[in-house]
Amino acid sequence: MNLTTQIAKQFKDVHFGGNWTSVDLKETLADVDWQQAITKVHSFNTIAALVYHINYYVSVVTKALKKEPLNAHDKYSFDLPPIQNQEDWEKLLNKTWTDAENFVILIEQLPESKLGEIFFDEKYGNYYRNLHGIIEHTHYHLGQIVLIKKILLQEQKSI
């Protein structure tokens, strides 16, 4: 297995299962409804905001891998459109799964020799750093989602 195939697998596993931690985004979110997704816990971001935020960077880097301009701004990465019902929530989830599947394909198609090349600008480092950064970013926020979900479930039990 070459390195780009392995990176694609790691990205896919954090989204759809099979990673070393045995925790993935799709299974974690499978039983979260839209009201839970938008419920604010303490000063944390909502689950929906975190899902949007994770996918914001996947979407941006997907465009970059398709040779489109790199156009990302951290200040927009939490600009979640309103989630007002289950359909809105499912639309966000479906976009997340579709974007993840497309991202996997693009990584697999990336020549391994590209991994050491600069990713648009030296300040961003190389392709390898950015692809692994997306995976690390997803794991980081997945951990937050798991904790928020546990708090929500505990609060629901006490009602």
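**Close-up 1. Asp 13 and its salt bridge with Lys 9 in a predicted model.** Asp 13 is buried, at a relative accessible area of 10%. Buried means under 20% relative accessible area, exposed means over 50%, and partly exposed lies in between (1.4 Å probe, protein chains only). Lys 9 is partly exposed, at 36% relative accessibility. The two side chains meet in a salt bridge, 2.7 Å from N to O. A salt bridge here is a side-chain nitrogen of Lys or Arg within 4 Å of a carboxyl oxygen of Asp or Glu. Both residues belong to helix α1 (residues 3-16). They sit 4 residues apart, about one turn of the helix. Helices are DSSP runs of H or I with at least four residues, strands are runs of E with at least two, and both are numbered from the N terminus.

This is a predicted model, where local features need pLDDT of at least 70, side-chain atom pairs count only at pLDDT 80 or more, and totals for chains, interfaces and linings use all residues. Residues are numbered from 1 along each chain as its sequence is written, and side-chain values use heavy atoms, with hydrogens and water left out.

**Close-up 2. A salt bridge between Asp 31 and Lys 149.** The side chains meet at 2.6 Å, N to O. Asp 31 lies in the loop between α2 (25-29) and α3 (34-37), and Lys 149 in helix α6 (residues 127-157), so the pair ties together parts that are 118 residues apart in sequence. Asp 31 is exposed, with a relative accessible area of 53%. Lys 149 is buried, at 15%. The whole structure has 4 salt bridges.

**Close-up 3. Glu 117 and Lys 114 in a salt bridge.** Their closest N and O atoms are 3.1 Å apart. Glu 117 is partly exposed, at 36% relative accessibility. Lys 114 is buried, at 19%. Side chains of opposite charge can pair when their charged atoms come close.

**Close-up 4. The surroundings of His 141.** His 141 lies in helix α6. This residue is buried, at 7% relative accessibility. Its side chain makes a polar contact of 2.5 Å with the side chain of Gln 144. A polar contact is a pair of N or O atoms within 3.5 Å; within protein, one must be able to donate a hydrogen and the other to accept it, and residues adjacent in sequence count only if both atoms are side-chain atoms. His 141 also touches Leu 50, His 53 and Ile 54, leaving aside residues up to four places away in sequence. Contact means heavy atoms within 4.5 Å.

**Close-up 5. Positive phi at Lys 67 and Phe 120.** Most residues other than glycine have a negative phi. Lys 67 has a phi near 75 degrees. Lys 67 is in the loop between α4 (47-65) and α5 (86-109), and is exposed at 67% relative accessibility. Phe 120 has a phi of about 70 degrees. Phe 120 lies in the loop between α5 and α6, and is partly exposed at 42%.

**Close-up 6. Aromatic pairs, including Phe 119 with Tyr 127.** The structure holds 6 aromatic pairs. The ring centres of Phe 119 and Tyr 127 are 5.0 Å apart and their planes stand at 85 degrees, so the pair is edge-to-face. Rings of Phe, Tyr and Trp (its six-membered ring) pair if their centres lie within 6.5 Å; planes under 30 degrees apart count as stacked, over 60 as edge-to-face and the rest as tilted. Phe 119 and Tyr 127 are both buried. Ring pairs also link Tyr 52, Tyr 56 and Tyr 57 into a cluster.
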